[in-house]
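Colleague: Could you take me through one part of this model at close range? I'd like to go strand by strand, with a few words on the loops as well.

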Amino acid sequence: MKKLNAKEIRSIITLKELGYSERQIVSMANVGKGSVGRIWNTARENGLTSQLLAVCSSDEITELFYPNAGKRKPSKRMPDFQKIHTNISRYKDRSLFHEWFRYRKEDPADSYSYGWTAVLYKRWCKVHNLKPVLLMNEPFGLCMYIDWAGRRMKFDFHGNSKQTEVHFFVATLGASQMPYVEATLDEKTEAFIRCNINALKYYGGVPKYVIPDNLRTAVKSHKDREVELQSAFEDLQEHYGFVTLPAHKVSPTEKNDVENQVGISYDWILSELDEHAEEYHSLDDINHAVRIFMDQMTDLEFRKTGMNRREWFMSVDYPELSPLPKKDFSIYSYEFTKVPHNYHVNIRGDNHKYSVPYQYIGTEVMMKYSFTQLRVFSMERELIAEWKRSYGPTLHNVHTDDRHRPPAHQIAAAMKLKSPEWLLEKAREIGMYTEQYIKAYLNSRKHYEDAYDGCMGIIAMTWESHGEKRLTRQEMEKVCQEGLELRVYNYGYVKNRAAEVRKARAGGVERTEKNKPTANLRGKDKYKL
């Protein structure tokens, strides 16, 4: 049977994991069917995945699948797996990579690579009937794990009489376990959202899943297998298009990667900060130092292949990430309030008031706001008002959309403005003939202000505030059409015709041609001798 090279072995296992059949793999990889079956069976029996083989050299892969082929090289010094397993199990933040690094540091020339060590460790666990701890088995670019580091540090900032406590946000991504660390002054929602935004920008893309550890700033409720996210984090999810999958509350296995990265961060970042604590005088100083130490950690060559963690990230995780949105995410705050009788709401601590539709008077609404925008939602999450926030003088702190007013308030406001454009706009909402009639009514007077009250009365006849006396738009259109034909432009005519229409609607005698008014009530024949 033909001996396959490392590239062909990787291809077979990757295609098999993607769900291709053996016949399809034979055609795609140009290998024999027997070789495909034997390679896949060997990988399945030994727990060898494509992610694990990605960190093994070609010679190591060949030795894994063809252990007796050719002359074997002298074996290297075997790690003390009993000690490794004990340390990983005993210390909460200890990782297999950390243990491998200590093992390799003792004798770099006579030690196995990390990938080969992981394979041997899994075999050792299988022989001793133990469960492997923190073995890498993560699809490329699929998940970003986020958490707050349990350890906090205190620094002496300039101008402060007491030490300032600093918190650390930690994220890790996908198979490469590419880390991101950021220092903040607290663990509140705004800081948490900002850290997530910065982490995604640092990675240069968006993973399919984000996995938090049931943080209060991300998860509002997680019980009975139902998850409810905090509103701000839900907005973040919608903006970037990822899916949030909180870790299980009891014995979570999803936290391993981020816990591992927290431990590495303790080693490479926090210990360095602690050593040089007197050099930092602001949060910006700390974050600048964090970025330097983080770069040193990711640029460290930890395998004989000459690849560091950043290069590994760029080769396996980065190509699988979705692109970042073109527009940056705006951090919103939320506030619930009851709409008062004046149908204007305001943000706590802000004197500016913004109108909402009067129909929501007395109901609870949710205000979602940023520094530049205010959006008001009903409790059914329906958008009912949207405003650009104002920071002008207190004398001009009431902002009202005329559409939000009750009809009576619209009339009162319009009466003060006396705007013919407003009248024509309201008439246009009723219909074409009503608009023409109002326009003709205004033009029939020397000063349009003289016709303003009459026009207001005509338009208001179609509003709900008139109750049973209200005319429908079709009825008003018919009345105005007749008025245009007769060239009669006054409120009294429309008022009388409206009374006749209501009477006819109630079952009275409908108007006939005989009793309709004419433009000239008396003709020449009326005065013949």
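In which sense do β13 and β14 pair, parallel or antiparallel, and over how many bridges?

Modeller: Happy to! This is a predicted model, in which local features need pLDDT of at least 70 and side-chain atom pairs count only at pLDDT 80 or more, while totals for chains, interfaces and linings use all residues. Residues are numbered from 1 along each chain as its sequence is written, and side-chain values use heavy atoms, with hydrogens and water left out.

Now to your strands: β13 and β14 pair in the antiparallel sense, over 5 bridges (pairing takes at least two DSSP bridges between two strands; strands are DSSP runs of E with at least two residues, helices are runs of H or I with at least four, and both are numbered from the N terminus). Within this pair, Val376 stands opposite Ala385 in β14. The loop between β13 (373-378) and β14 (383-388) holds Arg381, which has a positive phi of about 65 degrees although it is not a glycine. Arg381 is partly exposed, at 48% relative accessible area (buried is under 20%, exposed over 50%, partly exposed in between, with a 1.4 Å probe and protein chains only).

Stepping back, the pair belongs to an open sheet of 4 strands, ordered β9-β12-β13-β14 with antiparallel pairing. β9 and β14 stand at the edges with a single partner strand each, so one side of each has no neighbour in the sheet. On average, neighbouring strands here are turned by 20 degrees against each other, direction ignored (the axes are lines fitted to C-alpha atoms, for helices over the stretch in contact, and angles run from 0 to 180 degrees between N-to-C directions).

Tyr343 sits in the loop between β9 (333-338) and β10 (344-345). Tyr343 is not a glycine either, yet its phi is positive, at about 45 degrees. Here the side to look at is the inside: Tyr343 is buried, with a relative accessible area of 4%.

One more loop may interest you. Lys188 lies between β4 (178-184) and α9 (189-203), and Lys188 is exposed, with a relative accessible area of 59%.
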